[in-house]
Amino acid sequence: QVQLVESGGGLVQPGGSLTLSCAASGSIFTVGTMAWYRLAPGKQRELVATINSKHATEYQSSLKGRFTISRDNDKTMLFLQMNGLKPEDTAVYYCNADIKTTMYSTYQIYWGQGTQVTVSS
């Protein structure tokens, strides 16, 4: 059993900052690529950023420079530092990870339950 649990969401004023965290726990052999997605009201889910096990990162082009993804491999944690937040960043943010549960298993994708980020004055 593998669980991803996000935390750190909340209400923030425009221009403010938040750091989201995602903790992976359970029967984990190794974690591959991890990612943040977001789902805003009335919109499709979109990729925010990804980071692989060697810490190489990719961002949605419109967010690069404001958002920073990072991870702690030892603690199987994923982070998203968000600066200069705008009302259009309001969404539920989900973490996602490719995880092997044993040496011989294949990678499977796991999702967290999401954390709400609301940017409003």
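Let us start at a ring: the charged end of Arg45 sits over the ring of Tyr37, 5.4 Å from its centre (for such a contact, NZ of Lys or CZ of Arg is within 6 Å of the ring centre and within 35 degrees of the ring normal). The charged end of Lys100 likewise sits over the ring of Tyr107, 5.7 Å from its centre.

Before going on, note that this is a predicted model, where local features need pLDDT of at least 70, side-chain atom pairs count only at pLDDT 80 or more, and totals for chains, interfaces and linings use all residues. Residues are numbered from 1 along each chain as its sequence is written, and side-chain values use heavy atoms, with hydrogens and water left out.

Back to Tyr37, which forms a tilted aromatic pair with Trp111, at 5.0 Å centre to centre and 55° between the planes. Rings of Phe, Tyr and Trp (its six-membered ring) pair if their centres lie within 6.5 Å; planes under 30 degrees apart count as stacked, over 60 as edge-to-face and the rest as tilted. Because Tyr37 lies in strand 4 (residues 30–39) and Trp111 in strand 10 (residues 108–111), the pair ties together parts 74 residues apart in sequence. Strands are DSSP runs of E, at least two residues, numbered from the N terminus.

Now to strand 8 (residues 77–82), which pairs with strand 3 (residues 18–26) in the antiparallel sense over six bridges; pairing takes at least two DSSP bridges between two strands. Strand 7 (residues 67–72) also pairs with strand 8 in the antiparallel sense, over six bridges. Phe79 of strand 8 is the bridge partner of Ser21, and Ser70 stands opposite Phe79.

Definitions and conventions: Helix = DSSP H or I, 4+ residues; strand = E, 2+ residues; numbered from the N terminus.
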